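Take a look at the model below.

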Amino acid sequence: MDKIIFITGATSGFGKAAAKLFAQNGNHLILTGRRKDRLDRLANKLIDKYSVRVMPLCFDVQDYKATTDTIQSLPENWKKIDVLINNAGLASGLNKIQDGDIDDWNKMIDTNIKGLLHVSKAVIPFLIKRKKGHIINIGSTAGKEAYLNGNVYCATKHAVDAISKSMRIDLLEHGIKVTQICPGAAETEFSLVRLHGDKEKAKTVYQGYQPMSAEDVAQVIYYTTTLPSHLCINDLVMTSLAQANSFYYHKKPIKKR
Ligand code: NDP
Ligand code: 8X3
């Protein structure tokens, strides 16, 4: 309650659902993303509905200078961040490695790995100064097992897995919690982005079973922040009932029209 929660990728999916849930529970929010119209709309809605303070910040996490300058220029009272949720990320393309597109690869590496590092590097000094805080990195089941056509996306999420473990060790002496949350399939804009805007194909990813929703994932993100100060969830894998891991799903056959 009454904490400052910094959420990257708040214009859609998990980030947006988490923003709503944290606001509903009386927390103040720093919300980031590239789509300014969506950020402003969400900020105004949460301020009106929950009477919390919201600071929308529009920048691309791939851009180190823009990320650093924007976070540095926060007013002092907004630098007292309690929870950083490194959520911004994407998959771009779903091809065999030999057919991969270099622009897709760069986008995923620069967002999912470098973007998470850019934001963390800017925010961690604020947490160290206050000798407390909680960093939540959104990994994936793709960071636990690599799957067909997942290659570079899986590599970026394996990197998030390694960075999260290492962050936990590096920040141990500063009393800062680090939690990695690894969701399986959840119906957000993720597949639409991965499949370059192909709506029909994106829908088929979630056919034949009940996937998780953004709200399901937000619930678990929120839960990890409610534990007593001496407890830390280090690594958490979550999937819908129909999914065991990256490989095994229980899907009903899809009727062809
Ligand atoms: P969405 O596409 O719905 O949301 C992605 C968010 O990331 C958007 O708010 C987008 O904002 C932001 N984002 C993407 N690129 C950048 C960038 N370069 N700079 C700043 N913000 C950026 O997807 P999800 O909510 O599903 O995904 C959130 C995270 O969860 C990602 O890291 C994803 O890899 C991970 N994940 C998703 C799963 C799923 O099945 N949905 C499962 C496991 C993990 P904007 O475009 O406005 O910049
Ligand atoms: C997103 C889940 O299974 O598409 O990280 O990789 S999956």
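Across the whole structure, a search finds 12 salt bridges. The model is a predicted one. Side chains of opposite charge can pair when their charged atoms come close. One such bridge joins the side chains of Glu189 and Arg38, with 3.0 Å from N to O. This pair links distant parts of the chain, 151 residues apart. Arg38 belongs to helix H2, residues 36–50. Glu189 sits in the loop between strand S7 (186–187) and helix H6 (190–194).

Now turn to ligand 1. The space that ligand 1 takes is the largest pocket. Two elements give two or more residues each to the shell around the ligand: helix H1 (13–24) and helix H5 (151–170). In total, 29 residues surround ligand 1. The closest are Thr11, Ser12, Arg34, Tyr153 and Thr188.

Some contacts can be followed atom by atom. Arg34, one of the closest residues, has a side-chain N or O atom 2.6 Å from an oxygen atom of ligand 1. The side chain of Asp60 places an N or O atom 2.8 Å from a nitrogen atom of the ligand. Gly13 uses its backbone instead: an N or O atom there lies 3.5 Å from a ligand oxygen atom. How much of ligand 1 does the protein bury? Taken alone, the ligand exposes 880 Å², and the protein buries 96% of that.

Terms used: Residues numbered from 1 in each chain as written. Chains lettered and ligands numbered in written order. Predicted model: local features only at pLDDT ≥ 70, side-chain atom pairs only at ≥ 80, totals over all residues. Heavy atoms only, no water. Near = heavy atom within 4 Å. Polar contact = N/O pair within 3.5 Å; in protein donor to acceptor, adjacent residues only side chain to side chain. Areas by Shrake-Rupley, 256 points an atom, 1.4 Å probe, with all protein chains shown as cover. 1 Å grid on protein atoms, 1.4 Å probe; cavity = no way out; pocket = protein on both sides within 12 Å on 5 of 7 lines; lining within 4 Å. Sits in = over half its atoms within 2 Å of the grid points. Helix = DSSP H or I, 4+ residues; strand = E, 2+ residues; numbered from the N terminus. Salt bridge = Lys/Arg side-chain N within 4 Å of Asp/Glu carboxyl O.
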